[in-house]
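The sequence and structure are shown first.

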Amino acid sequence: MFPLAIDMAESTEMRIQRLISENPVVIFSRSSCCMCHVMKMLLLTLGVHPTVIELEENEIGALAPPPLQDGGTTSSNNSVPAVFIGGKRVGGLESLVALHLSGQLVPKLVEVGALWPRLCL
């Protein structure tokens, strides 16, 4: 299986959704995004190798903006970097770090198969 294969007939929206569904951990960013680098380093430190996709400016709009708590959405300018774990949007760097500090990140990564459970000896 080649999850990053490009089908020229596939729309940007469909390609993004396919990548989210086919990969346990996906980071979408702009090129040279320092926040994406920090996200990737955090995940690598935990033993997870995320799929990192750099979107072109014209593709960023195809990434659905994050939902707000009141049911609305934010502007698409705030939609990257974005990390998806198990097909669900976690959010940006702040959300990822908050999950890690609360102790919820590792169990979530284990649940989606991105990380093997650590056995206590």
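Are Glu10 and Arg18 buried or exposed? Both residues are buried, where buried means under 20% relative accessible area, exposed over 50% and partly exposed in between, with a 1.4 Å probe and protein chains only. The model is predicted, so local features need pLDDT of at least 70 and side-chain atom pairs count only at pLDDT 80 or more, whereas totals for chains, interfaces and linings use all residues. Residues are numbered from 1 along each chain as its sequence is written, and side-chain values use heavy atoms, with hydrogens and water left out.

**Salt bridges**

The whole structure contains four salt bridges, each defined as a side-chain nitrogen of Lys or Arg within 4 Å of a carboxyl oxygen of Asp or Glu. Among them are the following pairs.

| Pair | Closest N to O distance |
|---|---|
| Glu10 and Arg18 | 2.9 Å |
| Glu57 and Arg30 | 3.0 Å |

Helices (H or I, at least four residues) and strands (E, at least two) are DSSP runs, numbered from the N terminus. Glu57 is exposed at 57% relative accessibility, and Arg30 is partly exposed at 26%. Through shared partners, salt bridges join Glu10, Arg18 and Glu22 into one network. Within helix H1 (residues 12-22), Glu22 and Arg18 are four residues apart and therefore separated by about one helical turn. Arg18 has a relative accessibility of 16% and so counts as buried; Glu22, at 30%, is partly exposed.

**Packing of H2 and H4**

Helix H2 (residues 34-46) packs against helix H4 (residues 93-101) at an angle of about 25°, with the axes 10 Å apart. The angle makes H2 roughly parallel to H4, a term for angles under 35 degrees. Met35, Val38, Met39, Leu42, Leu43 and Leu46 of H2 make the contact with Leu93, Leu96, Val97 and His100 of H4, contact meaning heavy atoms within 4.5 Å. By class, these are nine nonpolar residues, one polar residue and no charged residues; Ala, Val, Leu, Ile, Met, Phe, Trp, Tyr, Cys and Pro count as nonpolar, Asp, Glu, Lys and Arg as charged, and the others, Gly among them, as polar.

**Ser29 in strand E1**

Ser29 lies in strand E1 (residues 25-29) and, at 1% relative accessibility, counts as buried. Apart from neighbours within four places in sequence, Ser29 is in contact with Cys36, Ile53, Glu54, Leu55, Val80 and Pro81.

Key. Axes fitted to C-alpha atoms, helices over the stretch in contact; angles between N-to-C directions. Parallel < 35°, antiparallel > 145°, perpendicular 65-115°, else oblique.
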